[in-house]
Amino acid sequence: AFYQWGESLYRQRSYERSVSTFGQIVEKYKKSELRDSALDRISEIYGNWIKDYNRSSYYANILVNDYPRSPLAADAYNRLAYAAYNTGKQSQAVNYYKKVLSDFPTDKKNSQAALDNLATLLPPAEFDRILRDYRRNNPNTDANLPALIFNTGLDRFFAENYESAISQFSTYIRDAKNGPHYYEALLYRARSYKQIGDTRRSLTDYSEIYNAPVNNEFTYNALLEAGQLYFDLRDYQRSLEVYETLDRVAQNLQNKVQAKFGMADAFLAMKNYAQAKRTLQEISGNPEVAESSRTRAKFMTGQAEYETGSLTAAFSIFQAIEREFNDEYAARSQYMITRIYFDRGAFDDAYNAGVYMKNNYPSFNYWKARTYLVVAEANYELGEVFQAKGTLQSLVDQTRDRYPDIFEAASKRLAEIEEEERRNEASLNSGN
């Protein structure tokens, strides 16, 4: 009756009264067949609900000492480990978890819990050794281990321990070909290979996902990431093919838009500007596409026009974007407007466009700096060499640690102008 009453109080979350009731069994009925269950419940309540880890540990110790063969002993050791960890005794917690594995290997629930916790407490190499030994010594008890191996791989991936993550994912892929995480493991292994620079293996894993007989929930990510990786490797034709596949299999508009942007990037990189513009028109001309994507597509169309020398068409596109919006694409459009003025030889207009950029886009520092590279050249072409040098020196000072590409370009151009001045001075002196 005491035990049932204690359980009733436990279900009502009346934890202090429940502990008191179970405590009467522990103290007054030491030969009761329910005494180990009462000890287990008290330890659980103190550890999980009252958060008194010392009391939880006290009752778990009584259980393992008085009932070493109890089916609840493995639970008690896990609670001892949990209490030790939460009182700052990590090495003691590790030892308790190891004892669960060594003394209760067939207790799947508690062995799984011990392994889950050891995966976070131990260095990867030590945990891998323990897991390997456990699987070898207990070949019939690892039904739940593939999930642990997969989750350990995820933990190591997000901890940026990519080599170790690859090891875990490879084990899962080898042992759980029909497992629920098979394609996800391939995806994360591909990402891990990419992070360590092994692009060949990365692309192989991506292709296994998107070439599966039936599309899976990771097909889209695999195609998108593989297309970008081929692009980064400057294999633009292969990148285009992967993005075209993505365009065919995409199930929603957003995914199709991303596929078309990838296709357009590849066309632009291969200087197939006509096809790039046609692809971008499918985005910018679709009213169902998000406005931000349509604006991006218009901007890229302007870039294509600029690259083919159609400066009037490009200028019109960039001017329309800049007038309508006040976002990054508007700032980039103003930069392109400044460049087009310069390319046309309208140096005063280029200078004024740069001032406009400074006044109207104060928070877009990168594009302001890029614009002022053009302004410096406009100053130089106008014969205002002192102003050009001052602008370049300001860019060097302001971008040194922020924008390496602008810093390099400004430094190089400033050095060229200064060298030209030295040569001119030397020529004048030699002429005298």
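Colleague: Which hand does the crossing of helix 3 and helix 4 have?

Modeller: A crossing is left-handed if the near helix is turned anticlockwise from the far one by less than a right angle, and right-handed if clockwise. Here the crossing of helix 3 and helix 4 is left-handed. Bear in mind that this is a predicted model, where local features need pLDDT of at least 70, side-chain atom pairs count only at pLDDT 80 or more, and totals for chains, interfaces and linings use all residues. Residues are numbered from 1 along each chain as its sequence is written, and side-chain values use heavy atoms, with hydrogens and water left out.

Colleague: And at what angle do helix 3 and helix 4 pack?

Modeller: Axes are lines fitted to C-alpha atoms, for helices over the stretch in contact, and angles run from 0 to 180 degrees between N-to-C directions. For helix 3 and helix 4 the angle is about 160°, and the axes are 7 Å apart. That makes the two helices roughly antiparallel; the cut-offs are under 35 degrees for roughly parallel, over 145 for roughly antiparallel, 65 to 115 for roughly perpendicular, and oblique for the rest. The helices themselves are DSSP runs (H or I, at least four residues; strands are E, at least two), numbered from the N terminus.

Colleague: Which residues of helix 3 and helix 4 meet?

Modeller: Contact means heavy atoms within 4.5 Å. From helix 3 the list includes Arg 35, Leu 39 and Tyr 46, and from helix 4 it includes Tyr 59, Ile 62 and Asp 66. By class, that contact has 8 nonpolar, 3 polar and 5 charged residues. Ala, Val, Leu, Ile, Met, Phe, Trp, Tyr, Cys and Pro count as nonpolar, Asp, Glu, Lys and Arg as charged, and the others, Gly among them, as polar.

Colleague: Which side chain does Arg 35 join in a polar contact?

Modeller: A polar contact is a pair of N or O atoms within 3.5 Å; within protein, one must be able to donate a hydrogen and the other to accept it, and residues adjacent in sequence count only if both atoms are side-chain atoms. The side chain of Arg 35 makes one of 3.1 Å with that of Asp 66. Leaving aside neighbours within four places in sequence, Arg 35 also touches Ile 25, Val 26 and Tyr 67, among others.

Colleague: Where is Asp 128, and what does its side chain meet?

Modeller: Asp 128 is in helix 8 (residues 124–137). Its relative accessible area is 15%, so Asp 128 is buried. A polar contact of 2.9 Å links its side chain to that of Arg 156, and beyond four places in sequence Asp 128 is in contact with Arg 156, Ser 164 and Gln 168.

Colleague: Back to packing: how are helix 4 and helix 5 arranged?

Modeller: Their axes come within 9 Å and cross at roughly 150°, so helix 4 and helix 5 are roughly antiparallel. The crossing of this pair is left-handed. Among the residues that meet are Leu 63 of helix 4 and Leu 80 of helix 5, and the contact has 10 nonpolar, 3 polar and no charged residues.

Key: Buried means under 20% relative accessible area, exposed over 50%, partly exposed in between (1.4 Å probe, protein chains only).
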